[in-house]
Amino acid sequence: MVSPAHRRFRRGWTALILALCASAHALEYKDAWSPRNAERPIRDRTYYIILHTTEAPKESALNKLRSAGETHFLVDTAGKIYRIMDQRRVALHCGRSMWKGLADIDQYSVGVEVVGRYNSDITSAQYAAIKELLLELQRTFHIPDNRVLTHSMVAYGAPNRWHLRSHRGRKRCGMLFATTAARRKLGLAGKPACDPDVDAGRLVVADPYLARVLYGVSAKQQEDAVTRFAGEANNVISRNRSAWDIARDRYASAETVYILPDGARKRGSEIRDWGRVPIGTRVALGKGTREDEDSEEPVKEVGADGKSAGDLVGDEARNENTIYILPDGKIKRGSELTPGRIAAMPAGTRALVGYTIGGQVTARRSAFDICGIRWKLPSTYCLMPCGKLVKGDKMDESAIPKNAVIFLRE
Ligand SMILES: [Zn+2]
C-alpha cells in the first residue's frame, strides 16, 4: 500500500529526474545561418511545422537553402541538425500553398528539410533527430501532432491544361512523413484525416496516388501507393503519364528538356501545343532543380520578339490570379479580359502569375496596413508610380511612395 503523500513525493522525484534527463538531452545544433535572416520578418503566428525532403545530396541542398533562406532546419543523413533561419522568422519553403483556406503557409510555419527523397525511407539517425526537433518545436510553438504536415499536403498548383482548377499534387515533397509507419517512428500520434481544402471544394485532387499516401485509410494502402512511384523512374510520356505528371509545375520551364522519339530536343518554354508532344518523349528535368522548388519566375513581360501575353502566361492567361500591368499603368485581372484583349496586349505589358492585388498605398494607408509583415517578402511586389516593379525585400517601407500598388502572392 502506497500512501497518497508517498505517491506525490515519488511523482515529484520522477518529474525532477525527467527534467534533468531532458536537459542532458538538449538538442545539439550545427549553425549554418543564412545571410537572409536579417531581412526576413518575424512571423505573427505559427500554426504548422512543414516537413520536406531535399531531393538532393546534403552539400548542394545546404548551399541553396542557406543562400536563399528556404528552411529553418536541415537534418542530414547522420542525424545532424543544421540551423539555417531563425525559427521565429519567415523562411520561404512552401511556395504556392494553402491549408484550411489559409494561403501562403510560409507566414504561419516552421520548415524542416530532411536530406532524402520523397519516396524512400530515411535513416534511423534521422528519425531520432527529427523526433527530438519536433518535440522541441511543438513545445515552443504549441503545435499539436495533427498540425505537423508535409509540403505535399499544403502545396497546390494553379490551373493548367491538364487541371482546369487549382489543384493539390503540385509537390510530392516530404510525402513519406504522412505514412502511418513514418509518423509512428517520429512519435506523432495524430494527423489530418483528409484534405480540408479539397473537402471544402477550394481545390481538386490532381494526383490520386499522392492523396492515397497522404490520407490512405490503411497503412497497406499507403505502402502500395508509395511503391507505385518506384515504377516511375523513367521519365517517359505515355498515354497515362503526361508532361505534368512527370515535371509537375516545371513542365513549361526552360530548364525542362523534352527529347522527342525522333531525337529532337525542345525546352518546356518553347512548346506551345502540349497536345502534340508525342508518346515516347523523354523528359529531362533540369540539373540542380529540386522537386521542392517553384520553378516559375512570376513576372513575365510581353516583348518585342512577338510573344503575346497568352504565349507567356499560357493556361493561366485568364485566371483571376494573373494580373496584367499595362504600359500606361492600368491594372487588370486575367478574369476581366477576353482572349482577344490578352492576345493584343502591347509590348511592355507585364503579367504577374499567381498574385492578388493587395492595394494602393496612400497617405493614410502604409504597405504594412495593407498586408502586415508580408510587404517585405521577396515574393511581394510593389508597383512604383514610375512604373518600376520592386520586390518586397528590396524596399524600404518609409520610401514607398503614395499611389504605389502592392501585389501579394496568392
Ligand atoms: Zn518541400
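**Close-up 1. Gly95 in the loop between β4 and β5 of a predicted model.** With a relative accessibility of 10%, Gly95 counts as buried, a term that stands for under 20% relative accessible area, whereas exposed means over 50% and partly exposed lies in between (1.4 Å probe, protein chains only). Gly95 is found in the loop that runs between β4 and β5 (98–99); here and below, helices (H or I, at least four residues) and strands (E, at least two) are DSSP runs, numbered from the N terminus. Gly95 and Glu410 are 315 residues apart along the chain, and their C-alpha atoms are separated by 9.8 Å. This is a predicted model, in which local features need pLDDT of at least 70 and side-chain atom pairs count only at pLDDT 80 or more, while totals for chains, interfaces and linings use all residues. Residues are numbered from 1 along each chain as its sequence is written, and side-chain values use heavy atoms, with hydrogens and water left out.

**Close-up 2. The open sheet that contains β7.** The 6 strands of this open sheet follow the order β1-β4-β3-β7-β2-β8, and their pairing is mixed; two strands are taken to pair if DSSP finds at least two bridges between them. At the edges stand β1 (29–31) and β8 (148–150), each of which pairs on one side only. From one strand to the next the twist averages 30°, where axes are lines fitted to C-alpha atoms, for helices over the stretch in contact, and angles run from 0 to 180 degrees between N-to-C directions.

**Close-up 3. Strand β7 and its two neighbours.** Strand β7 (residues 109–114) has 6 of its 6 residues buried, so this strand is largely enclosed by the rest of the structure. Ser109, Gly111 and Glu113 point one way from β7, while Val110, Val112 and Val114 point the other way, and all of these residues are buried. Strand β2 (residues 48–53) runs parallel to β7 and is joined to it by 6 bridges; within this pairing, Ile50 has Gly111 as its bridge partner, and Thr53 stands opposite Val114. Strand β3 (residues 73–75) is likewise parallel to β7, with 3 bridges joining the two strands, and the bridge partner of Phe73 in β7 is Val112.

**Close-up 4. The buried side of helix α2.** In helix α2 (residues 58–68), the buried residues are Ala61, Leu62 and Leu65. These residues cover an arc of only 100° around the axis, which puts them on the same side of α2; the arc is that of the directions from the helix axis to the C-beta atoms. The buried residues of α2 pack against β3, β4 (81–83) and β7, with contact meaning heavy atoms within 4.5 Å. After α2 comes Gly69, whose phi is positive, near 60°.

Close-up 5. The structure holds 8 aromatic pairs, for which rings of Phe, Tyr and Trp (its six-membered ring) must have their centres within 6.5 Å, and planes under 30 degrees apart count as stacked, over 60 as edge-to-face and the rest as tilted. Tyr355 counts as buried at 3% relative accessibility, and Tyr381 is buried with a relative accessible area of 5%. Elsewhere, Trp162, Tyr251, Tyr258 and Trp274 form one aromatic cluster. Arg161 lies over the face of Trp162, at 5.5 Å from the ring centre, and Arg212 lies over the face of Tyr209, at 5.2 Å from the ring centre; a charge sits over a ring if NZ of Lys or CZ of Arg is within 6 Å of the ring centre and within 35 degrees of the ring normal.

Close-up 6. Asp104, a residue other than glycine, has a positive phi near 60° and is placed in the loop between β6 (102–103) and β7. The relative accessible area of Asp104 is 1%, and this residue is buried. Asn403 is not a glycine either, although its phi is positive, about 75°, and its place is in the loop between β21 (389–391) and β22 (405–409). At 45% relative accessibility, Asn403 counts as partly exposed.
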